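Me: I would like to learn how to read helix packing and sheet order in a model. Can we go through one together?

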Amino acid sequence: MNIPAHFPALALCIAGAAAVGLGTPVASADEPDDHFIIRDCEQSREDLARAIREFAENEEDWIFLAEFDLAGGDITALKVCYLPLGPDIVDAGLHVGAMMPCGQIGLYEENGNTKLSMLHPKFMTTLQPHPSLERAVERAEPAFETLLDHVLGGP
């Protein structure tokens with residue numbers, strides 16, 4: 001696969017997804033494993049992308065990094081970061097910074113419905129077992145659930 005140099009986050013995401021499958025049976029595209037959070041959404045991709053961007057831009061501990069189209073516009077990719085995880089990530093080694101748990105979010109349509117797919121933060125501990133990454137995952141899960149609940153209209 002040839003990935004343009006200006007999409008390093010996509011390259012890391014794909015590399016991470018490939019590495020997660022090493023040593024275990026690889027799930028088909030129709031069978032995501034537990035390294036993905038997938039939600040059905042009532043909003044359009046455009047409305048959902050706007051809600052994610054606004055959430056990240058308006059919350060003190062979050063930053064919005066990017067939004068771009070993939071697969072000829074079939075996927076809207078977004079990248080947001082939850083900043084409080086930085087110290088735990090760096091504690092595992094500077095090389096681990098390459099997989100900062102910045103939400104790698106994909107929005108797409110399937111059978112006429114909008115879907116949201118996101119890497120689960122635990123992918124980090126699959127790729128690099130380390131106690132500080134375990135702490136980061138424990139802190140990331142509720143933060144990303146808050147983001148998803150906010151943009152999807154959850155509890």
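Me: How are helix 2 and helix 5 oriented to each other: parallel, antiparallel, perpendicular or oblique?
Reply: This is a predicted model. Angles of 65 to 115 degrees count as roughly perpendicular and those over 145 as roughly antiparallel. The axes of helix 2 (residues 45-58) and helix 5 (residues 131-152) cross at roughly 130° and come within 9 Å. The two helices are therefore oblique to each other. The crossing of helix 2 past helix 5 is right-handed.

Me: Which residues make the contact?
Reply: Helix 2 contributes L48, A51, I52 and F55, and helix 5 contributes T146, L147, H150, V151 and L152. Of the residues in this contact, seven are nonpolar, two are polar and none is charged.

Me: In what order do the strands of the sheet lie?
Reply: In general, strands of a sheet pair through backbone hydrogen bonds, in a parallel or antiparallel way. Here five strands make an open sheet with antiparallel pairing, in the order 1-5-4-3-2. Strand 1 (36-41) and strand 2 (62-70) are the edges, each pairing on one side only. On average, neighbouring strands are turned by 20° against each other, direction ignored.

Me: How many bridges join strand 3 and strand 4?
Reply: Strand 3 (residues 75-82) pairs with strand 4 (residues 103-110) over six bridges, in the antiparallel sense. Within strand 4, I105 is the residue opposite L78.

Me: Which strands does helix 2 touch?
Reply: Helix 2 packs on the sheet and touches strand 1, strand 2, strand 3, strand 4 and strand 5 (113-119). The direction of helix 2 makes about 155° with that of strand 2. Helix 5 also packs on the sheet, and its direction makes about 15° with that of strand 1.

Conventions. Residues are numbered from 1 along each chain as its sequence is written. This is a predicted model: local features need pLDDT of at least 70, side-chain atom pairs count only at pLDDT 80 or more; totals for chains, interfaces and linings use all residues. Side-chain values use heavy atoms; hydrogens and water are left out. Axes are lines fitted to C-alpha atoms, for helices over the stretch in contact, and angles run from 0 to 180 degrees between N-to-C directions. Helices (H or I, at least four residues) and strands (E, at least two) are DSSP runs, numbered from the N terminus. Angles under 35 degrees count as roughly parallel, over 145 as roughly antiparallel, 65 to 115 as roughly perpendicular and the rest as oblique. A crossing is left-handed if the near helix is turned anticlockwise from the far one by less than a right angle, and right-handed if clockwise. Contact means heavy atoms within 4.5 Å. Ala, Val, Leu, Ile, Met, Phe, Trp, Tyr, Cys and Pro count as nonpolar, Asp, Glu, Lys and Arg as charged, and the others, Gly among them, as polar. Two strands pair if DSSP finds at least two bridges between them.
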